[in-house]
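Here is a short tour for a first look at this model. Keep the sequence and the 3D view side by side as you read.

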Amino acid sequence: MPFLNRLQRWADDRPDDTAVVVAGRHLSWAALRDAAAARIPDAGAVSVLAEANSVDFAASFAAAVSGDRQCAVLDPSWPAQLKADIAARLDEAVAVPPPSEPGKPTEPAELRDGRPESPFLIGLTSGTTSVPKAFTRSRRSWQLSFEASIEFFGLTQQDRTLAPGPLAASLNLYALSECLYAGSEFHTLEFFDVGDVHAAITHDGITRLVLVPTMLRLLSERGLAGCVDASGVTSIICAGSKLDARTLEAARRWAPKATIYEYYGASELSFVSGAGLRAGKPLDAGGTGIGKPFPGVDVRILDDDGAPLPDGTDGNICVRSGMVSNGYLWGDDGQALRCFDGWYTVGDQGYLRDGELHILGRRADMIITAGKNVYPHEVELALASVPGVAAAVAAGMADDVRGQRVVAGVVPSHGGITATQLKAGLDDVLPRDKRPLQYFALAELPVTDRGKVSRQLLLDWVQSGDARIRRLA
């Protein structure tokens, strides 16, 4: 496990059918099996794979996890010194017995799954300036994840999945592996390009997209503007968190036959909860609900002492399932992955209501204003549902009276927008005590050099009077 025995089966049963396509280069099931098997003699007990997207990546990854081998997949764009530091840490952290150890058989040079309980994947949190945390996953945890996601998303052997992001990212690496397990055709590109994705959808018969919200928005809006036909897409799987109203609306119009799936999960926890928005179903504009638990997953909301909280009360989102990772090799500060008597949490906050999980965000982002807890993510989702708002970001600014006050910046979708329009738009979607006290129009979203929205940068812009921000009356 998790997918090599299945790969052998598809290569035997359907040798000439296409398994993997990367930027127009195809590998059949038999060709992928043979290419992976040929790489096994060069694969060590622990491999470090830091390659750009290619069919060779797929073969190398399969070889690197054959038997009881382990593989760490690194972003090839990371600095050389960072990759060297990670490799050195792996040498120290992963116990690998020498081949000549008495009683320890040498790893066979054949393409096969290892023991279910054995670790096979070393996952790394993103990072470019310091060594990221590393955790491990067992083969059994991914097999259970495959079974759950195939059932939930309805993946079939007739599907053609396109995951246009880097295979070094866990979302896309999982999509590749899931397709190999299910015997379903997988596509990706050398790098993300809107035009290339549209061309693949049009010409390669793509039925299923796996991507992040920013990609979905770009593809949908530009696809509508360019009249790109996405009527053949029947599933869109978006990872990360709740989709904002504008992205959902654009995706619904661009791919009218697609069920749009949004789900909550974490690298350390795997899948937690999700929902499928079928064609014709009303949009959940501004809501925080993100569906019910995945198959095989139990969810509870616990306080900081591990005590259960009643329905509707927010606290730590805690999970019990066979998909949870093994824990950290290094970087564990005791808070990143906590366990309460078999219930695991990464610190995300939320609540359950009638069996549906509602996501509020990370506790570190919480704003405490006049004794009330406000999560920026909840405010941002509500603002994104207001007509005329293209994007929104919220943060807590120091306030002598309230402790903090909620402020928000919005990027108008067209023309201008007023604070009065924003306040009116929030009337039915956000409680009064969570609404911003100040609004700003933004020329662009405040993002870091890695492209992540920064709430602190919004506050810096406000305090410095940056030209990209203007207070709304």
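The side chain of E185 makes a polar contact with the side chain of H187, at 2.7 Å. A polar contact is a pair of N or O atoms within 3.5 Å; within protein, one must be able to donate a hydrogen and the other to accept it, and residues adjacent in sequence count only if both atoms are side-chain atoms. E185 lies in strand β8, residues 185-188. Helices (H or I, at least four residues) and strands (E, at least two) are DSSP runs, numbered from the N terminus. The relative accessible area of E185 is 13%, so E185 is buried. Buried means under 20% relative accessible area, exposed over 50%, and partly exposed in between, with a 1.4 Å probe and protein chains only. Not counting residues up to four places away in sequence, E185 touches T18, A19, V21, D159, R160, T161 and C179. Contact means heavy atoms within 4.5 Å.

This is a predicted model: local features need pLDDT of at least 70, side-chain atom pairs count only at pLDDT 80 or more, and totals for chains, interfaces and linings use all residues. Residues are numbered from 1 along each chain as its sequence is written, and side-chain values use heavy atoms, with hydrogens and water left out.

**Cores and helices**

Nonpolar side chains tend to be buried together in soluble globular proteins. Which residues touch the most other members of the largest nonpolar core? They are F3, V20, L32, F61, Y264, L269 and L357, in a core of 75 residues. Helix α6 (residues 170-182) supplies the largest share of this core, 9 residues. Apart from it lies another core, of 25 residues, including L211, L216, I236 and I260. A nonpolar core is a set of buried Ala, Val, Leu, Ile, Met, Phe, Trp, Tyr and Cys residues joined through side-chain atoms within 4.5 Å.

Y264 is in contact with L269, F271, V272, S273, I290, I317, V346, D348, L357 and I359, leaving aside its neighbours within four places in sequence.

L180 lies in helix α6. L180 is buried, at 2% relative accessibility. Residues up to four places away in sequence aside, L180 touches F3, R6, L7, W10, V20, W29 and L32. L180 and W29 are 151 residues apart along the chain, yet their C-alpha atoms are separated by 9.0 Å.

Helix α3 (residues 55-64) is mostly covered, with 9 of its 10 residues buried. F61 is one of the buried residues of α3. S54 caps the N-terminal end of α3: a side-chain oxygen of S54 lies 3.3 Å from the backbone nitrogen of D56.

**Strands and sheets**

Strands of a sheet pair through backbone hydrogen bonds, either parallel or antiparallel. Two strands pair here if DSSP finds at least two bridges between them. Strand β3 (residues 46-49) and β4 pair in the parallel sense over 4 bridges. L49 stands opposite V73 in β4. From strand β4 (residues 70-73), Q70 and A72 point one way and C71 and V73 the other way; all are buried.

An open sheet of 4 strands runs in the order β23-β24-β25-β26, with mixed pairing. Why is one side of β23 and of β26 left without a neighbour in the sheet? β23 (389-399) and β26 (469-471) stand at the edges, each with a single partner strand. Strands β24 (residues 403-412) and β25 (residues 438-442) pair in the parallel sense over 4 bridges. The bridge partner of V407 in β25 is Q438.

**Cysteines**

How many disulfides are there? The count comes to 0. A disulfide is a pair of cysteine sulfur atoms within 2.5 Å. The sulfur of C71 is too far for a bond, because the closest cysteine sulfur, in C179, is 18 Å away. C238 is in no disulfide either; the nearest cysteine sulfur, that of C179, is 16 Å away. C71 counts as buried at 0% relative accessibility, and C238 counts as buried at 1%.

**Positive phi**

Most residues other than glycine have a negative phi. Two residues with a positive phi are listed below.
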